[in-house]
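Here is a short briefing on one protein chain. Look at the structure first, then read the points below.

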Amino acid sequence: MASSGTPWLTQEAYDRLKNELDHISGPYRQEIVDRIEAARDEGDLKENAGYHAAREEQSKNEGRIQELKALLENAEVGESAADDGIVKPGMLVECKLAGNTMKFVLGSREIAEGAGVDVYSVASPLGSAIEGHKAGETVTYKAPNGKDIQVELISVAPYNG
């Protein structure tokens, strides 16, 4: 299992992100370059909205490429977390927090991308407080506003998104 600073991904999530990286650093990157060149051919760049939009899209795309490269280079890839009831990256956690029941995956947002489930980082105050604990335990952590918040862990199971 990944340490708190290392992103953990299922093989499925890793493959999905690798495919995205291949696309945006290959054909999609070239498509943007082609649009920039076509817009340049139209003349005055100061008033060329198509040129500016393509350059902005290129900037966003390059940022996503760097983000994915860093994530994929540093990620620990593994199967679903062991079903031992202990909170760790890759687990679906159900808890009662401030009187509300909530479910979320602990780990990197890429684990559950597009699945419609919330994801909390192990580095977040909530994530770091509950990591290593089991269902049935109650944990208290200090919120960013300084208040102590109690979390009752209801269930902990591997996330198989």
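This is a predicted model: local features need pLDDT of at least 70, side-chain atom pairs count only at pLDDT 80 or more; totals for chains, interfaces and linings use all residues.

Residues are numbered from 1 along each chain as its sequence is written, and side-chain values use heavy atoms, with hydrogens and water left out.

**Two loops**

- Ala98 sits in the loop between strand S3 (91-97) and strand S4 (100-106). Helices (H or I, at least four residues) and strands (E, at least two) are DSSP runs, numbered from the N terminus.
- Ala98 is not a glycine, yet its phi is positive, at about 55°. Most residues other than glycine have a negative phi.
- Lys88 belongs to the loop between strand S2 (76-78) and S3. Is Lys88 buried or exposed? Its relative accessibility is 11%, so Lys88 counts as buried.
- The side chains of Lys88 and Asp84 are joined by a polar contact of 2.4 Å. A polar contact is a pair of N or O atoms within 3.5 Å; within protein, one must be able to donate a hydrogen and the other to accept it, and residues adjacent in sequence count only if both atoms are side-chain atoms.
- Lys88 and Tyr51 are 37 residues apart along the chain, and their C-alpha atoms are separated by 46 Å.

**Helices H2 and H3**

- Helix H2 covers residues 27-40 and helix H3 covers residues 49-74. Their axes come within 9 Å and cross at roughly 160°. Axes are lines fitted to C-alpha atoms, for helices over the stretch in contact, and angles run from 0 to 180 degrees between N-to-C directions.
- H2 and H3 are therefore roughly antiparallel to each other. That term applies to angles over 145 degrees; under 35 counts as roughly parallel, 65 to 115 as roughly perpendicular and the rest as oblique.
- The crossing of H2 and H3 is left-handed. This means that the near helix is turned anticlockwise from the far one by less than a right angle; clockwise would be right-handed.
- Residues of H2 that meet H3 include Tyr28, Arg29 and Ile32. On the H3 side, Asn61 and Ile65 are among them. Contact means heavy atoms within 4.5 Å.
- By class, the contact of H2 with H3 has eight nonpolar, three polar and six charged residues. Ala, Val, Leu, Ile, Met, Phe, Trp, Tyr, Cys and Pro count as nonpolar, Asp, Glu, Lys and Arg as charged, and the others, Gly among them, as polar.

**Helices H1 and H3**

- Helix H1 (residues 11-25) and H3 have axes that come within 10 Å and cross at roughly 145°. H1 also passes H3 in a left-handed crossing.
- The contact of H1 with H3 has eight nonpolar, two polar and four charged residues.

**Two residues of H3**

- Asn61 is in helix H3. Its relative accessibility is 6%, so Asn61 counts as buried.
- Not counting residues up to four places away in sequence, Asn61 touches Ile24, Tyr28, Arg29 and Ile32.
- Glu67 is also in helix H3. Glu67 is partly exposed, with a relative accessible area of 34%.
- Leaving aside neighbours within four places in sequence, Glu67 is in contact with Arg109 and Glu110.

Technical notes
Buried means under 20% relative accessible area, exposed over 50%, partly exposed in between (1.4 Å probe, protein chains only).
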